[in-house]
Amino acid sequence: MSASGSEEPARLPRLHLVTNDAIVARRDFLTRAATLAEAGGADLAFHLRAPAAPGGEVWGVARELAGIVRRAGGWFIVNDRLDVALAADADGVQLGHRSLAPADLPHVARRLKVGASVHGPGEAEAVGAVDW
């Protein structure tokens, strides 16, 4: 909290680690994730991204990973899965071109940090500037 009593915005972590399906499927994934989270601490945003995995599997990993990342002081972000991000009490959600549009989620933005992935000017224009 600032001296004025308002909450200060969280500082964006310097390092963003993003998984993929192959990494998440490894037997030692959570052990390695814990090592990385500890090393990164508050400077790490750990993105759980497994686009080909079923929602139930992503949720199972998210429950474990959320605690690991939080204990280390980092941000836990779920990519492309708003449902899993909310259920896992994630710090944020990173939405892709197949996801809901950030502009459609102002009520969610009060609870989660919402980001959008764009891969060119056309996608950036489609997302549009959002001011919550």
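Set aside the neighbours within four places in sequence, and Leu65 is in contact (heavy atoms within 4.5 Å) with Phe29, Leu30, Ala33, Phe46, Leu48 and Phe76. Before we start: this is a predicted model, where local features need pLDDT of at least 70, side-chain atom pairs count only at pLDDT 80 or more, and totals for chains, interfaces and linings use all residues. Residues are numbered from 1 along each chain as its sequence is written, and side-chain values use heavy atoms, with hydrogens and water left out.

**Exercise 1.** Work out which residues touch the most other members of the largest nonpolar core, and which element supplies the largest share.

*Step 1.* Buried means under 20% relative accessible area, exposed is over 50%, and partly exposed is in between (1.4 Å probe, protein chains only).

*Step 2.* The largest core has 27 residues, and Phe29, Phe46, Leu48, Leu65 and Phe76 touch the most other members.

*Step 3.* Now look at the elements, which are DSSP runs numbered from the N terminus: helices (H or I) have at least four residues and strands (E) at least two. At least two core residues come from each of helix H2 (29-40), strand E2 (44-48), helix H3 (55-72), strand E3 (75-79), helix H4 (82-87) and strand E4 (92-95). H3 gives the largest share, eight residues.

*Step 4.* For background, nonpolar side chains tend to be buried together in soluble globular proteins.

**Exercise 2.** Find out what the side chain of Asp91 reaches.

*Step 1.* Go to the loop between H4 and E4, where Asp91 sits.

*Step 2.* Asp91 is buried but has no salt bridge, a term that calls for a side-chain nitrogen of Lys or Arg within 4 Å of a carboxyl oxygen of Asp or Glu. Arg70, the nearest side chain of opposite charge, is 4.3 Å away.

**Exercise 3.** Describe the backbone and accessibility of Asp80 and of Asp89.

*Step 1.* Asp80 is in the loop between E3 and H4. Though not a glycine, Asp80 has a positive phi of about 70 degrees.

*Step 2.* Asp80 counts as partly exposed because its relative accessibility is 24%.

*Step 3.* Asp89 is in the loop between H4 and E4. Asp89 has a positive phi too, about 55 degrees, and is not a glycine. Its relative accessibility is 44%, so Asp89 counts as partly exposed.

Methods. Core = buried A, V, L, I, M, F, W, Y, C linked by side-chain atoms within 4.5 Å. Lys, Arg positive; Asp, Glu negative; His and termini not counted. Polar contact = N/O pair within 3.5 Å; in protein donor to acceptor, adjacent residues only side chain to side chain.
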